[in-house]
Amino acid sequence: MHKKNRAMLIGSIGAGKSTLTNALLGKPVEAVKTQALIYYDWIVDTPGEYVENPFFYKNIMATALEVTHVLYLHDATKKKTVFPPNFSTGINKLAIGVITKSDAEDADVSLAIKKARQVVVNGPIVVTSSLNKEGLEEIRALVQCQSLQEMKECSDNWKSKTIIFNENLYNL
């Protein structure tokens, strides 16, 4: 992992940010309620309130200054997303959509991907399962990328079908 690359995870309360963080870092997976920003090796875990309440968007923007990538988490068991359409375009960092809880009994991965595409209009979307360790290597590889083009090449070359690259033809 490039030492200079750091990813911030944002998503609703209960979307799986802390669980994914622990899985990415190889720690035991346990769900915890994040109360404040938590800085790990190359990950910044954020409270769900940061995206659920627009009053806290300023916290997301300030924290984004410290990272190279922003991971937008969408829980596959939820029908709605907390992110406004095109939300990733308002943060000038490399965006990665992440579908969490894809292995849950009530998961609707297709709907989750559709919702993620409305948020991350240009960039990869990774379908994950922290429990089954699916999508973790893909996220680690994408966070090592230095540009959108590099992330596209990484996505195109990945052998699994866990990465979908969303492209906006109008974004040059």
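Student: Which residues have the most contacts inside the largest nonpolar core?
Tutor: This is a predicted model, and every value discussed here is computed from it. In soluble globular proteins, nonpolar side chains tend to be buried together. Here the largest nonpolar core has 24 residues, and those with the most contacts inside it are Leu20, Leu71, Ile96 and Ile139.

Student: Which helix or strand gives the most to this core?
Tutor: Strands S1 (7–10), S4 (69–75), S5 (94–100) and S7 (163–166) each supply at least two residues of the core, and so do helices H1 (17–25), H5 (136–144) and H6 (148–157). Among these contributors, the one that gives the most, with five residues, is H5.

Student: Which residues does Ile139 touch, leaving aside those up to four places away in sequence?
Tutor: Ile139 is among the residues with the most contacts inside the largest core, and it is also one of the buried residues of H5. With residues up to four places away in sequence not counted, the residues that Ile139 touches are Leu20, Leu24, Leu71, Val98, Val126 and Thr128.

Student: At what angle do H1 and H5 pack?
Tutor: The contact is made by Leu20, Ala23 and Leu24 on the H1 side and by Leu136, Ile139 and Arg140 on the H5 side, and by class it has five nonpolar, no polar and one charged residues. The axes of the two helices are 10 Å apart. Since angles from 65 to 115 degrees count as roughly perpendicular, H1 is roughly perpendicular to H5, and the angle between them is about 80°.

Student: Why is H5 described as largely enclosed by the rest of the structure?
Tutor: The buried residues of this helix are Leu136, Glu138, Ile139, Arg140, Ala141, Leu142 and Val143. H5 is largely enclosed because, of its nine residues, the number that are buried is seven.

Student: How far apart in sequence are the parts tied together by Lys101 and Asp75?
Tutor: The structure holds three salt bridges, and in one of them the side chains of Lys101 and Asp75 meet at 3.1 Å, N to O. Lys101 is partly exposed, with a relative accessible area of 31%, whereas Asp75 counts as buried at 3% relative accessibility. Because Lys101 lies in the loop between S5 and helix H4 (109–119) and Asp75 in strand S4, the separation of the parts that the pair ties together is 26 residues.

Student: What is the N to O distance in the salt bridge of Glu137 and Arg140?
Tutor: Glu137 and Arg140 are three residues apart in helix H5, so they are separated by about one helical turn. Glu137 is partly exposed, with a relative accessible area of 48%, while Arg140 is among the buried residues of H5. Their side chains meet in a salt bridge whose N to O distance is 2.4 Å.

Student: Which residue forms a salt bridge with Asp156?
Tutor: The two partners both lie in helix H6, four residues apart, which is about one turn of the helix. With the closest N and O atoms 3.0 Å apart, the partner of Asp156 is Lys152.

Student: Is Ser12 buried or exposed?
Tutor: Ser12 is found in the loop between S1 and H1, and it touches Lys17, Gly48, Val51, Glu52 and Val82, not counting residues up to four places away in sequence. Its relative accessibility is 15%, and the cut-off is under 20%, so Ser12 counts as buried.

Technical notes: Residues are numbered from 1 along each chain as its sequence is written. This is a predicted model: local features need pLDDT of at least 70, side-chain atom pairs count only at pLDDT 80 or more; totals for chains, interfaces and linings use all residues. Side-chain values use heavy atoms; hydrogens and water are left out. A nonpolar core is a set of buried Ala, Val, Leu, Ile, Met, Phe, Trp, Tyr and Cys residues joined through side-chain atoms within 4.5 Å. Buried means under 20% relative accessible area, exposed over 50%, partly exposed in between (1.4 Å probe, protein chains only). Contact means heavy atoms within 4.5 Å. A salt bridge is a side-chain nitrogen of Lys or Arg within 4 Å of a carboxyl oxygen of Asp or Glu. Axes are lines fitted to C-alpha atoms, for helices over the stretch in contact, and angles run from 0 to 180 degrees between N-to-C directions. Angles under 35 degrees count as roughly parallel, over 145 as roughly antiparallel, 65 to 115 as roughly perpendicular and the rest as oblique. Ala, Val, Leu, Ile, Met, Phe, Trp, Tyr, Cys and Pro count as nonpolar, Asp, Glu, Lys and Arg as charged, and the others, Gly among them, as polar.
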